[in-house]
Amino acid sequence: MTDTLTIATQRTASSRLPGIDFTSLEFGKTFSDHMLVVDYHDGEWQEPQILPYGPMTVSPANSAIHYGQSIFEGMKAYKNAAGEVSFFRPLDNFRRLNASAERMCMPPLPEELFMQGLMQLVRLDTDWVPDFAGSALYIRPFMFATDAMLGVRPSESYRFMIITCPVGLYYPKPLRVRFEERYVRSAEGGAGFAKNAGNYGAAMYPTKLGQQEGYNQLIWTDASEHKYVEESGTMNAIFILDGRLVTPALSSSILDGITRRSVLQLARDWGMEVEERKVSALEILEAQANGTLQEAFGVGTAATIASIAVIGYQGQDYTLPVPGEEAFSRRATAALTAIRNGEAPDTHGWMVRL
């Protein structure tokens, strides 16, 4: 993509890259040298800047802190064997960011600003994109209110930023999860489909309780009956039942995951039957009992595809089959990796070259 937007850039005086050990990265803790910053006020987006990564000053009365107008995205860039960098489905992240913005009464971001800001930032920090197996440059676009006012109303000013960090695998081994039957992540008509910060803050306490019981994550269930699967932790949940891919249908309480979309497309490409519908906890446990539950896994940008080994329900654990070489989740992981690394045809146009 040719640069058409001029972005004022202040380079860091001293790169931190030489001091980074890429073999021992903790997810989300090591940040690249620069960040994109652009403010919104007087009804329009101002001139973007690329600055050295670092702290910023906000008012103690910042309305995002008090009233939660804060949204974000998660996406990745990959480096192939030739050293070329590509983004995975960035326009889908852009559209979802704006859908979240609309839900949270925030201004939409122009596509050129998002894409050019992203491109120019990562081009400047291209040496931060790792190239070892399972690695990527994790990209975090986010927007938050910046009015300094205590009053429950939409802010009139905002800041949009992008920061990046090199990462390895999010979940290095299969997960232990349990169905959540008390707490609620989101209800129909709420903001569960949006990537607003409050969704994640409210999920931390029940997740902590689950972790104290020995589980990595929860499988959230619906708010009204606690019968039907919603999401698994920060991922969409997918099950392979007797050769069919089954996943909860999207709703106002379920995030429209971009990895989810990609995995469902691969299944359809391979001629699998795909069912987007209500799926109950009891249906999953009955399938586990009668041997028709072949796989269960979560999908998301950070985790990509994370296999589930154990599902807990009402105090009892149920062990799932270990996925073999021909398991759908393993084939899908390999297919996505090959597309992202340029080793397989990108027939759906998912990759955008830097």
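I count Ala, Val, Leu, Ile, Met, Phe, Trp, Tyr, Cys and Pro as nonpolar, Asp, Glu, Lys and Arg as charged, and the others, Gly among them, as polar.

**Ground rules**

I am working with a predicted model, where local features need pLDDT of at least 70, side-chain atom pairs count only at pLDDT 80 or more, and totals for chains, interfaces and linings use all residues. Residues are numbered from 1 along each chain as its sequence is written, and side-chain values use heavy atoms, with hydrogens and water left out.

I searched a 1 Å grid over the protein atoms alone: a cavity is a set of points where a 1.4 Å probe fits but cannot get out, a pocket is an open set with protein on both sides within 12 Å along at least five of seven lines, and lining residues have an atom within 4 Å of a point. Points are joined across faces, edges and corners, and a volume is the space filled by probe spheres set on the points. My helices (H or I, at least four residues) and strands (E, at least two) are DSSP runs, numbered from the N terminus.

**Second largest pocket**

I looked here first. I found about 730 Å³ of space in the second largest pocket. Of its 31 lining residues, Leu169, Thr304, Ile305, Thr333 and Thr337 come closest to the centre. Two or more residues each come from E6, strand E17 (304-313) and helix H7 (328-340), and H7 gives the most, with five. I sorted this lining into 16 nonpolar, nine polar and six charged residues.

**Largest pocket**

I then turned to the largest pocket, which holds about 1,100 Å³ of space. It has 44 lining residues, and those closest to its centre are Phe72, Arg140, Tyr170, Tyr200 and Thr234. Among the elements that give two or more residues are strand E8 (136-145), strand E9 (158-167), strand E13 (235-241) and H5. Helix H4 supplies the largest share, seven residues. By class I noted 25 nonpolar, 14 polar and five charged.
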